[in-house]
Amino acid sequence: MLLVGLTGGIATGKSTVSTLLIARGIPVLDADRIAREVVMPGTETLKALVEAFGDGILTDDGTLDRAALGRFVFHDVAARERVNAITHPAIRSLMVSRARELEAGVRARPIILDVPLLFEGETHKVVDVTVLVYASRPIQLQRLMQRNPLTVSEANARIDAQMSTEAKRRLATIVIENDGSLSELEARVDRLCEILGKLAREDEMGEVQSDINSRSTRPQVVIS
Ligand SMILES: CC(C)(COP(=O)(O)OP(=O)(O)OC[C@H]1O[C@@H](n2cnc3c(N)ncnc32)[C@H](O)[C@@H]1O)[C@@H](O)C(=O)NCCC(=O)NCCS
Ligand SMILES: Nc1ncnc2c1ncn2[C@@H]1O[C@H](COP(=O)(O)OP(=O)(O)OP(=O)(O)O)[C@@H](O)[C@H]1O
C-alpha cells in the first residue's frame, strides 16, 4: 500500500484535488470527516473536550457546537494545542485503520489521506509520500472569503492558525500548483495520478524507499 498524505493551507484547493482524484478512481480518506466521527456523542474524545472546555462547547442536543469550539481553535494558540492533543491521536488512528481496511481492495494503487494539518501534527510520519496543494496567500484569502462568510480579519485568523503554505511547501515531496484555473488544475491532477500510480507500482515491487517522504533523500517534484 502506498499511503499518500494530501495537504494544503485552508482554501488552497485540497478538497478540489481530492474530488478530482476520486473521479479518477483513487480512494481518498478525508480527515475532516473522520474528525467529525471521533467527536460524535458518547465518544471518549468528546468527553475529553468537554472536560477541558466545559459544557459551553455542546449544543442542547449534546452534539459538539462546532462554532463554539472553533472560537477557541482559531483564536487561542494554547486552546488550539489542547484541542489538537485531544483530537489528533484519535483522528490519526481511525484514519490509519480505515486505510488498512481499504488496502485489500486496492493493490498497487495509492490510497490518499486528505489531511489539512498533515505537517502540523505527526501524520506526515505515517505516510510514504506527501503532496501539497499550493496557492499563494492572496489567492488563498480570496478563495476562503468567497467560500465562507468571513471578515478579512476572521479569514486571516483561520489562515494563521496553520503552518504557512510556504513552510509546508518546503516539506512536501510533491507540490501541485493551484493559483490558476480549474482546468489547469485538472490537467495537473492527471499528471499527479501518473506519478502516484508509478510510485504505487514500484512500492508493490518493493522498490519504494521507506524514507520516500524525507525531502533530504528525494528531489521535490513540482507540478505546474
Ligand atoms: C474547530 C472545529 C470544531 C471547526 O469546525 P468547522 O465545521 O467550522 O470547520 P471544519 O471542521 O470543516 O474545518 C475547516 C478547516 O479548518 C482548519 N482547521 C480545523 N481544525 C484546525 C486546527 N485544530 N488547527 C488549525 N486549523 C484547523 C482546517 O483547514 C480544516 O479543513 C473543527 O475543525 C475541529 O474539531 N477541529 C479539531 C480537529 C482538527 O484538527 N481537525 C482538522 C483535521 S485533522
Ligand atoms: N483552480 C481554482 N480556480 C478557482 N476556484 C478554485 C480553484 N481551486 C479551488 N477553488 C475554489 O476555492 C475554494 C477552496 O477550495 P477547496 O474547498 O478545495 O479548499 P481546501 O484546501 O480543501 O480547503 P479546506 O482546508 O478549508 O477544506 C472552493 O470554493 C473551490 O471551489
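Tutor: The bounds of a domain here are taken from an automatic or database domain assignment. With that term, the chain splits into domain 1 (1-27 + 109-224) and domain 2 (34-105). The model is predicted: local features need pLDDT of at least 70, side-chain atom pairs count only at pLDDT 80 or more, and totals for chains, interfaces and linings use all residues. Residues are numbered from 1 along each chain as its sequence is written, while chains are lettered from A and ligands numbered from 1 in the order in which they are written.

Student: What makes a residue part of the shell around ligand 1, and which domains does this shell draw on?

Tutor: A residue is near a molecule if its C-beta atom, placed from the backbone, lies within 6 Å of it. Around ligand 1 there are 18 residues, of which Arg66, Leu69, Gly70, Val73 and Pro116 come nearest. Domain 1 and domain 2 each give at least three residues to this shell.

Student: Which helices supply at least two residues each to the shell around ligand 1?

Tutor: They are helix H2 (31-37), H4 and H5, and H5 gives the largest share, five residues. A helix is a DSSP run of H or I with at least four residues, a strand is a run of E with at least two, and both are numbered from the N terminus. The chain has nine helices and six strands.

Student: Why is Leu69 called partly exposed?

Tutor: A residue is buried with 20 or more other C-beta atoms within 10 Å of its own, exposed with 12 or fewer, and partly exposed in between; C-beta atoms are placed from the backbone. Leu69 has 19 C-beta neighbours inside 10 Å, so Leu69 is partly exposed. Leu69 sits in helix H4 (residues 66-73).

Student: What does Leu69 contact, and what makes a contact?

Tutor: Two residues are in contact if their C-beta atoms, placed from the backbone, lie within 7 Å. Apart from neighbours within four places in sequence, Leu69 is in contact with Ile57, Leu64 and Val83.

Student: Why is Ala11 called buried?

Tutor: Ala11 has 22 C-beta neighbours inside 10 Å, so Ala11 counts as buried. Ala11 lies in the loop between strand S1 (2-8) and H1. Its phi is positive, about 65 degrees, although Ala11 is not a glycine. Most residues other than glycine have a negative phi.

Student: Why does Ile10 count as buried, and where does Ile10 lie?

Tutor: Ile10 has 20 C-beta neighbours inside 10 Å and therefore counts as buried. Ile10 lies in the loop between S1 and H1. Leaving out residues up to four places away in sequence, Ile10 touches Pro116, Leu144, Arg158, Ile159 and Gln162.

Student: What is around ligand 2?

Tutor: 16 residues surround ligand 2, and the closest are Gly13, Lys14, Ser15, Thr16 and Arg143. Two or more residues each come from helix H1 (14-23), helix H6 (137-147) and helix H9 (182-204). By class, this shell has five nonpolar, eight polar and three charged residues.

Student: What makes a set of residues a nonpolar core?

Tutor: Its members are buried Ala, Val, Leu, Ile, Met, Phe, Trp, Tyr and Cys residues joined through C-beta atoms within 7 Å. The largest nonpolar core has 42 residues, and Val4, Ile112, Leu113, Val131 and Ile176 touch the most other members. H9 gives the largest share of this core, six residues. The core takes at least three residues from each of domain 1 and domain 2.

Student: How many residues of each domain touch the other?

Tutor: Twelve residues of domain 1 are in contact with twelve residues of domain 2. The C-alpha centres of the two domains lie 23 Å apart.

Student: Why is the radius of gyration said to agree with that of a compact globule?

Tutor: The radius is taken over C-alpha atoms, and the globule rule is 2.2 Å times the number of residues to the power 0.38. For 224 residues the rule gives a value near 17 Å; the chain has 18 Å, which agrees.

Definitions and conventions:
Ala, Val, Leu, Ile, Met, Phe, Trp, Tyr, Cys and Pro count as nonpolar, Asp, Glu, Lys and Arg as charged, and the others, Gly among them, as polar.
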